[in-house]
Amino acid sequence: MSANTPHQRVWRHACHRQDLVANSGVVALVDGAQVALFYLPEDAGQSLYAVSNRDPKSGANVIGRGIVGHLNGDLVVASPLYKQHFRLADGSCVQYPEQRLQTWQARFNGDAVEIA
């Protein structure tokens, strides 16, 4: 990509709006990656978050089953196995800074849920 070419975000279909469960996680397979999608309609800012479903501590694909809540002012998901908390905004771990979930931008495009 040349320096004069603007970076264009590529949006990928993850699921449909009706597949989401409010205040909970669902998992979609996007380009071979398991993506945990969290739809939080009461969140004053962003309401849709996309993070890796793979727990970096255990290696298990369980993050989509985690409990969403607030911890020290951050919106987090707790891993079901070891209970460490990951910030939904950037994937960083509250207890273990060396652990991180991959994140994607997420949006609604009509009835489609897309990630980039």
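I started from Ala36, which sits in strand S3. I am working from a predicted model, so I keep that in mind throughout. Is Ala36 buried or exposed? Its relative accessibility is 0%, so Ala36 counts as buried. Next I listed what Ala36 touches, setting aside residues up to four places away in sequence: Val26, Val27, Tyr49, Ala50, Val51, Ser52, Asn53, Ile63 and Gly64. I also checked a distance from here: Trp11 is 25 residues from Ala36 along the chain, and their C-alpha atoms are separated by 16 Å.

**Entry: the sheet around S3**

Val27 was on that contact list, and I found that Val27 stands opposite Ala36 in S3. I then counted the bridges between S2 and S3: the two strands pair in the antiparallel sense over 7 bridges. As a reminder to myself, strands of a sheet pair through backbone hydrogen bonds, either parallel or antiparallel.

Which strands make up the open sheet, and in what order? I read the order as S2-S3-S4-S8, an open sheet of 4 strands with antiparallel pairing. S2 and strand S8 (103–104) stand at the edges with a single partner strand each, so one side of each has no neighbour in the sheet.

**Entry: the nonpolar cores**

I looked up the largest nonpolar core next, and it has 14 residues. Those with the most contacts inside this core are Ala14, Leu20, Val35, Leu37, Ala50, Val113 and Ile115. Which strands supply at least two residues of this core each? My list reads strand S1 (12–16), strand S2 (24–30), strand S3 (33–39), strand S4 (48–52) and strand S10 (112–115). S2 gives the most, with 3 residues.

Not counting residues up to four places away in sequence, Leu37 touches Ala14, Cys15, Leu20, Ser24, Gly25, Val26, Ala28, Tyr49, Ala50, Val113 and Ile115. Apart from this core lies another, of 12 residues, and I noted Leu40, Tyr49, Ile63 and Val77 among them. The general background is that in soluble globular proteins, nonpolar side chains tend to be buried together.

**Entry: Val30, in S2**

Val30 has its place in strand S2. I have Val30 down as buried, because its relative accessible area is 6% and the cut-off for buried is under 20%. Beyond its neighbours up to four places away in sequence, Val30 touches Arg12, His13, Ala14, Val35 and Ile115. I also took the distance to Arg107: 77 residues apart in sequence, 14 Å apart in space, C-alpha to C-alpha.

**Entry: positive phi values**

Asn23 is not a glycine, yet has a positive phi of about 65°. Where is Asn23 found? I located Asn23 in the loop between S1 and S2, and at 41% relative accessibility Asn23 counts as partly exposed.

Asp31 also went into the notebook, with a positive phi near 50°. Asp31 lies in the loop between S2 and S3. With a relative accessible area of 63%, Asp31 is exposed.

I moved on to strand S9 (residues 106–109), which pairs with S10 in the antiparallel sense over 4 bridges.

**Entry: Ser92**

Ser92 is found in the loop between strand S7 (85–87) and S8. Although Ser92 is in a loop, I have it as buried, with a relative accessible area of 10%. What does the side chain of Ser92 join in a polar contact? I found Asp90, side chain to side chain, at 2.7 Å. Leaving aside neighbours within four places in sequence, Ser92 is in contact with His85, Phe86, Arg87, Gln99 and Arg100.

**Entry: cysteines**

How many disulfides are in the whole structure? My search found 0. Cys15 is buried, with a relative accessible area of 9%, and Cys93 counts as buried at 3%. Cys15 had already come up as one of the residues that Leu37 touches.

Technical notes:
Residues numbered from 1 in each chain as written. Predicted model: local features only at pLDDT ≥ 70, side-chain atom pairs only at ≥ 80, totals over all residues. Heavy atoms only, no water. Core = buried A, V, L, I, M, F, W, Y, C linked by side-chain atoms within 4.5 Å. Buried < 20%, exposed > 50% of the residue type's maximum accessible area, 1.4 Å probe, protein only. Contact = heavy atoms within 4.5 Å. Pairing = 2+ DSSP bridges. Polar contact = N/O pair within 3.5 Å; in protein donor to acceptor, adjacent residues only side chain to side chain. Disulfide = S-S within 2.5 Å.
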